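User: I'd like to learn how to read the features of a structure like this. Please take me through a few, with the general idea before the case.

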Amino acid sequence: MAITINRSTHLVSDADRAAKLEAPGFGKYYTDHMIVAEWSQDSGWSTPELKPYGPISLDPAAAVFHYGQEIFEGLKAYRQPDGSISLFRPEANAARFQRSAARLALPELPIETFVESVETLVREDAGWVPSKVGESLYLRPFMFASEVGLGVRPSNRATYMLIATPAAAYFNPEKAVSVWISKEYVRAVQGGTGEAKCGGNYAASLIAQREAAKEGCDQVVWLDAKDRYWVEEMGGMNLYFVKGKGKEATVMTPKLTGTLLPGITRDSILSVAVDLGYKVEETMINIDDWRDGVASGEISEIFACGTAAVVSPVGQAKSALGTWVTGDGNPGAITMQIRQTLLGIQHGEVADTHKWLHQVK
Ligand SMILES: *Cc1c(COP(=O)(O)O)cnc(C)c1O
């Protein structure tokens, strides 16, 4: 599908953009353009349009405001050593966006339209892709129910949008993330929306995030809803546990039970860890395994992973049952090796043997 191009006549100046890219933060600045496509039950998808970034106008009775029918994605564009720009596994995000849409009774955006919209925005706003390792242009596709009316039913209108924000390399090697293991609140239940990337999952999680902060922790760890025993995720990231040390180590992650978000970083690490010579396991991990494993030293490292932060070491864990610490509180060797390898692939500095990079032409 062709994309209609309506360029901004008020581009951010080169000097202003350069100043912003000096310290991009995350979600602080947005690029010159955005992409919008409309869907209706009767006519299907409109031709997507690239237009100047800016506020949108919606009827106060648009369904999304009342019943939360909304999904999103997150992926990054990375500057390569030769100056070109590559996306990391955009087809995987496109496929997940379709699965999320299906769960939320929203229309599926064709994979090619998703990928082409991302390529088009990156190409047009290429000057916003930072160049230091760890930095990137974060892309945020999203879709919401735009039918006007308060009747509760799947919307017969939807809007797809794509925006982009430069992202700093936010990683503090001095400090592992501390986590609060929530027993009171849960993120997802069997049959619910845990596998879908939807705003509603986040809306329901914020109170636990606040509780974590009150407990002096950076992030919340979610347990399964039924037994409140099986470890699922950390905030908006998947979790990994390293059992054993050195070449004999096993890199483990909670298996996808239907309530976890199937992260693309999680999936990539399953391959990267094998490439690096480790055993990998997708398995059920409970809080006793966690507490006893770190106490005996059998679990030597824990880290969280996701597109935004790539890999973040997890240190202290706190729950109603007590507090326990992994390793010496510093990022573990295997955590850092996996992080460096994945970042290296994304930035074109490590061979892309899995053909994950998608060059923006
Ligand atoms: C997006 C997300 C992740 C990570 O997925 P990636 O594809 O690796 O970015 C993990 N958990 C939740 C709840 C998420 O929303």
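Analyst: Let's begin with Phe114, which is buried with a relative accessible area of 0% (buried means under 20%, exposed over 50%, partly exposed in between, using a 1.4 Å probe and protein chains only). Keep in mind that this is a predicted model, where local features need pLDDT of at least 70, side-chain atom pairs count only at pLDDT 80 or more, and totals for chains, interfaces and linings use all residues. Residues are numbered from 1 along each chain as its sequence is written, and side-chain values use heavy atoms, with hydrogens and water left out.

User: How many aromatic pairs does the structure hold?

Analyst: A ring pair is described by the distance of the centres and the angle of the planes. Rings of Phe, Tyr and Trp (its six-membered ring) pair if their centres lie within 6.5 Å, and planes under 30 degrees apart are stacked, over 60 edge-to-face, the rest tilted. There are 10 such pairs here. One of them is Phe97 with Phe114, tilted at 5.5 Å centre to centre and 55 degrees between the planes. It links distant parts of the chain, as Phe97 sits in helix H3 (residues 90–103) and Phe114 in helix H4 (residues 111–124), 17 residues apart (helices, H or I with at least four residues, and strands, E with at least two, are DSSP runs numbered from the N terminus).

User: Which residues come nearest to the ligand?

Analyst: A residue counts as near if one of its heavy atoms lies within 4 Å. Of the 14 residues around the ligand, Lys197, Tyr202, Glu233, Thr265 and Thr307 come nearest. A polar side-chain atom of Lys197 is 2.7 Å from a ligand oxygen, and one of Tyr202 is 2.6 Å from a ligand oxygen. Ile264 uses a backbone N or O atom, 2.8 Å from an oxygen of the ligand.

User: Which residues of H6 are buried?

Analyst: The list is Ile264, Thr265, Arg266, Ser268, Ile269, Leu270, Val272 and Ala273. H6 covers residues 264–275, and its 12 residues reach 17 Å from first C-alpha to last, close to the expected 16 Å (1.5 Å times one less than the number of residues). Just after H6, Gly277 takes a positive phi of about 95 degrees.

User: What is the phi of Arg89?

Analyst: Arg89 has a phi near 50 degrees, positive in a residue other than glycine. Its loop runs between strand S7 (85–88) and H3, and Arg89 is buried at 16%. Arg228 also isn't a glycine, with a positive phi of about 50 degrees, but it is partly exposed at 28%.

Key: A polar contact is a pair of N or O atoms within 3.5 Å; within protein, one must be able to donate a hydrogen and the other to accept it, and residues adjacent in sequence count only if both atoms are side-chain atoms.
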